[in-house]
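Subject: Structure for your review

Dear colleague,

Please find the structure below, with the sequence alongside. A summary of the findings follows.

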Amino acid sequence: MLQSKRGLIVGLANANSIAWGIAEAAHKQGAELGFTYLNSAIEKRMRPLAESLKADFIYPCDVNDEASLEALFAGIKEKWGKLDFVIHSVAFAQGEDLKGRFSETSREGFKIAMETSVYSLVALAQRAVPLMDEGGSLLTLSYFGSEKVVQNYNVMGVAKAALEASVRYLAADLGPNNIRVNAISSGAIKTLSARGIHGFTDMLHLTQERAPLKRCVTAQEVGEAAAFLVSDAACAITGEILHVDCGYNIIGM
Ligand code: 1JT
């Protein structure tokens, strides 16, 4: 499905990462992959994983740093000359903003969450476009907390709502360039991001009880859906938020 396609994966931290599920699936479908890491602690965990998929490159990148993005895309241009897809699997909020009262979110905390979790997609898109002459595909990761209130998700829910809106605006903007922009709204998965979040294990149990499929989704399953969305099989799908959550989102009471 992804034979002769070249994809950049941003957000691989370790073997629990959603980005890892996506990387494995994309590799299985024949994609050539390149990866980024934020710092040396993350590099240590992700490098062996990326190498096991015969990564064409592993570059440092801080999505909040313009110079770092410039260097990344200069590297990609030199190495590949073109780009077929980008996986954006990045989000951040301060721990203090992922608990308690949303109304108490600080200006700085709000800014940090929005910049890292939302603007970073726009920043990547800007630089990917010139490498996608013949079209391409951008994919980001969202979560149900963008649509309905999920206790403690707080500022990330607001950021994910902005991320999903950004997917639509980017899709409209880049459609004439034959660049598709989509998101997967994943069910809860125990990743590095989810670790240390108070009550996360209870959330997983509740999901298993309430979701139509009576279980939680895996990063590998999100990966399979992601591989489809960035492939030509999804050539008419853009601006879409695809729920890959064992059906959790359809349940009311
Ligand atoms: C971030 C974190 C983004 C955790 C995230 C996330 N998207 C989903 N999760 C898991 C999650 C987190 C909370 C939650 C439900 C799911 C942490 C680091 C910043 C980015 O609340 C019920 C808080």
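Of the 253 residues of the chain, 51% count as buried, where buried means under 20% relative accessible area, exposed over 50% and partly exposed in between, with a 1.4 Å probe and protein chains only. Please note that this is a predicted model, in which local features need pLDDT of at least 70, side-chain atom pairs count only at pLDDT 80 or more, and totals for chains, interfaces and linings use all residues. Residues are numbered from 1 along each chain as its sequence is written, and side-chain values use heavy atoms, with hydrogens and water left out.

Overall fold. The chain contains seven helices and seven strands; helices (H or I, at least four residues) and strands (E, at least two) are DSSP runs, numbered from the N terminus. Their order along the sequence is β-α-β-α-β-α-β-α-β-α-β-α-α-β. The C-alpha trace spans about 50 × 40 × 35 Å along its principal axes. Among contacts (heavy atoms within 4.5 Å) between residues at least 6 apart in sequence, 74% join residues at least 24 apart.

Aromatic pairs. Rings of Phe, Tyr and Trp (its six-membered ring) pair if their centres lie within 6.5 Å; planes under 30 degrees apart count as stacked, over 60 as edge-to-face and the rest as tilted. By this rule there are four aromatic pairs. In one of them, the ring centres of Tyr143 and Tyr153 are 4.8 Å apart and the planes stand at 70 degrees, so the pair is edge-to-face. Both Tyr143 and Tyr153 lie in the loop between strand 5 (136–142) and helix 5 (154–174), 10 residues apart. Tyr143 counts as buried at 15% relative accessibility, and Tyr153 counts as buried at 17%. Elsewhere, Phe57, Tyr59 and Trp80 form one aromatic cluster.

A residue in helix 6. Thr207 lies in helix 6, which covers residues 200–210. Thr207 has a relative accessible area of 9% and is therefore buried. Leaving aside residues up to four places away in sequence, Thr207 touches Arg215, Cys216 and Tyr248.

Yours sincerely
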